[in-house]
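Please read them with the structure open beside you.

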Amino acid sequence: MQSQTKRQMSPDQLDALLRSTAGIGCRLETELTDGWFNSAYRVLLDDGRPAVVKLAPPAGAAVLRYERGILATEAMVYRRLAALPGGSVPTPELFCAGEEFLALSVLEGIPWDKAADRIRPSTGAALRRELGAITARLHTLAPEDGRFGYPAGESGLSAPDWRTAFTAMVDALLDDADRWQSPLGVPPADIRTLVAEGRDALDEVAEPRLVHFDLWPGNIFVDLGTDGTHARITGLIDHERAFWGDPAAELVSLAFGGDTDPDSDLVAGYIEAGGRLDFSPTFRHRLALYHLYLGLLLVVECGPRGYGSDHLAFCRDTLADAVTRLQSLG
């Protein structure tokens, strides 16, 4: 995916960056082009380890407020996940990190979206159950300072309670929408009203937990084995958009890969691993708010990224559907 936030580097520049910051050089093998925000390169480090180097946007690139400092957020998440017992949340190993880059181990397997046509229904059900369990373990992580919202201080989007943090997150996107003249299709005041009407539901969230919020199939690696019947999840990637908040919000991106209803394989795996999802009316109200947030985010980011009309149309439809869903709760 082409994006104006992607930073390009020559092989010599990439080698020099790692040498000056991490004390180890690399040989560029190929650019990984699937990402939507950061540039990423497959490299071979001087000590023989294959790695993926992920670059922050170039200095001066236009980013949304919540995107300020998110490379450091991703590094933090890798460190926190590495401390969990027994690799309970599979993810790349963080080799080294600087202000401008991360160097990560290479995962086995391929992204789930690229393997989907080779996964049998029974295997897919087992994978969704495994994904639910992994997600429940991800949600055991809590912030050290007890605050909700985005971890990076540069965004200024954290608060001591979830309602305040989430409202600030929506307001920041609406400010970005005004800056980029985003075609929301709904007045910003209406969006603010919908969020305000959910205040009681948001206030039910008492403890912040790590929410990846980007667990669509492209960010989940799977190994199909030799015959496709013994598939397994080998890792979750792209933790940069993680925030401290309501675990229910995770269902928004997980729904891009399959069913997330109460009787789904994913929810079964989540509950079996100790997670809690009650699907009460207030839970469903919060979930509708998180769909609204994602729809708003998708439309607004089209401005600074420079995405084309087809993708913008998809994003606008996503936002319109989320608004309709929330309005139907009134």
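1. Which residue in E2 is the bridge partner of Glu-31? The partner is Tyr-41. The model is a predicted one, in which local features need pLDDT of at least 70 and side-chain atom pairs count only at pLDDT 80 or more, while totals for chains, interfaces and linings use all residues. Residues are numbered from 1 along each chain as its sequence is written, and side-chain values use heavy atoms, with hydrogens and water left out.

2. On the names: helices (H or I, at least four residues) and strands (E, at least two) are DSSP runs, numbered from the N terminus. Two strands pair if DSSP finds at least two bridges between them. E1 and E2 pair in the antiparallel sense, over six bridges. Strand E2 (residues 39–45) also pairs with strand E3 (residues 50–55), again in the antiparallel sense and over six bridges.

3. (Axes are lines fitted to C-alpha atoms, for helices over the stretch in contact, and angles run from 0 to 180 degrees between N-to-C directions.)

4. Is Ala-82 buried or exposed? Buried means under 20% relative accessible area, exposed over 50%, and partly exposed in between (1.4 Å probe, protein chains only). Ala-82, in helix H2, has a relative accessible area of 63% and is therefore exposed. Its C-alpha atom is separated by 7.5 Å from that of Glu-93, eleven residues apart along the chain. E2, by contrast, is mostly covered, with five of its seven residues buried.

5. E2 and E3 form a hairpin with four residues between them, and Gly-48 in the turn has a positive phi of about 95 degrees. Arg-49 is placed in the loop between E2 and E3. With a relative accessible area of 33%, Arg-49 is partly exposed. Leaving aside neighbours within four places in sequence, Arg-49 is in contact with Ile-24, Val-43, Leu-44 and Phe-95.

6. Why look at positive phi values? Most residues other than glycine have a negative phi. Gln-181 has a positive phi near 55 degrees and is not glycine. Gln-181 lies in the loop between helix H5 (162–180) and helix H6 (188–197), and at 61% relative accessibility it counts as exposed. Phe-213, also not a glycine, has a positive phi of about 65 degrees. Phe-213 is in the loop between strand E9 (209–211) and E10, but this residue is buried, at a relative accessible area of 6%.

7. Strand E10 (residues 220–223) pairs with E11 in the antiparallel sense over four bridges. Within this pairing, Val-222 has Ile-233 of E11 as its bridge partner. Four of the five residues of E11 (residues 232–236) are buried, so this strand is largely enclosed by the rest of the structure.

8. Two packed helices are described by the angle between their axes and the distance between the axes. For helix H4 (residues 121–138) and helix H9 (residues 265–272), the angle is about 40 degrees and the axes are 6 Å apart. That makes H4 oblique to H9; angles under 35 degrees count as roughly parallel, over 145 as roughly antiparallel, 65 to 115 as roughly perpendicular and the rest as oblique. Residues making the contact include Ala-125 and Arg-128 of H4 and Asp-265 and Tyr-270 of H9.

Terms used:
Contact = heavy atoms within 4.5 Å.
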